[in-house]
Amino acid sequence: MKSKKKQGILAAHGMSALDIVKDIIFFFITVVVTFGYVMLIQLIISFIMLSIWHFTIERMLIFAAICAFIMGIVYIVRTAMRYRRIFG
């Protein structure tokens, strides 16, 4: 009975179970793209500023992972707020 009620709520807001699956997939895509983008930018900065700043690959990986983690948290919070508006 509850699942039919939730399906009715989803349908009333123009959503389906496929939209929830898409949100989960886009979460992983967002985290991976953020990690890759931050890593690429750090590599470019490292090559340009070679004599001024010295980055090690370990620090670059750690910083990119921290940025990806923060972006993942932001994505989860924004998605939760959107679903909270829908489900009340």
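1. Helix H2 (residues 17-48) packs with helix H3 (residues 57-87) at an angle of about 150°. Their axes are 8 Å apart. This is a predicted model.

2. Next, direction. Angles over 145 degrees count as roughly antiparallel. H2 and H3 are therefore roughly antiparallel to each other. Their crossing is right-handed.

3. Which residue classes make up the contact of H2 with H3? The contact has 20 nonpolar residues. Six polar and four charged residues are there too.

4. Now the core. The largest nonpolar core has five residues. They are Val38, Met39, Met60, Ala64 and Cys67. H2 and H3 each supply at least two residues of this core. H3 gives the most, with three residues.

5. Look at Met39 in detail. Leaving aside residues up to four places away in sequence, Met39 touches Ile57, Met60, Leu61 and Ala64. Met60 and Ala64 are also listed with Met39 in the largest nonpolar core.

6. Step back to the whole chain. From the N terminus on, its elements run α-α-α.

7. How much of the protein chain is buried? Buried residues make up 19% of its 88 residues.

8. Finally, contacts along the sequence.

Conventions
Residues are numbered from 1 along each chain as its sequence is written. This is a predicted model: local features need pLDDT of at least 70, side-chain atom pairs count only at pLDDT 80 or more; totals for chains, interfaces and linings use all residues. Side-chain values use heavy atoms; hydrogens and water are left out. Axes are lines fitted to C-alpha atoms, for helices over the stretch in contact, and angles run from 0 to 180 degrees between N-to-C directions. Helices (H or I, at least four residues) and strands (E, at least two) are DSSP runs, numbered from the N terminus. Angles under 35 degrees count as roughly parallel, over 145 as roughly antiparallel, 65 to 115 as roughly perpendicular and the rest as oblique. A crossing is left-handed if the near helix is turned anticlockwise from the far one by less than a right angle, and right-handed if clockwise. Ala, Val, Leu, Ile, Met, Phe, Trp, Tyr, Cys and Pro count as nonpolar, Asp, Glu, Lys and Arg as charged, and the others, Gly among them, as polar. A nonpolar core is a set of buried Ala, Val, Leu, Ile, Met, Phe, Trp, Tyr and Cys residues joined through side-chain atoms within 4.5 Å. Buried means under 20% relative accessible area, exposed over 50%, partly exposed in between (1.4 Å probe, protein chains only). Contact means heavy atoms within 4.5 Å.
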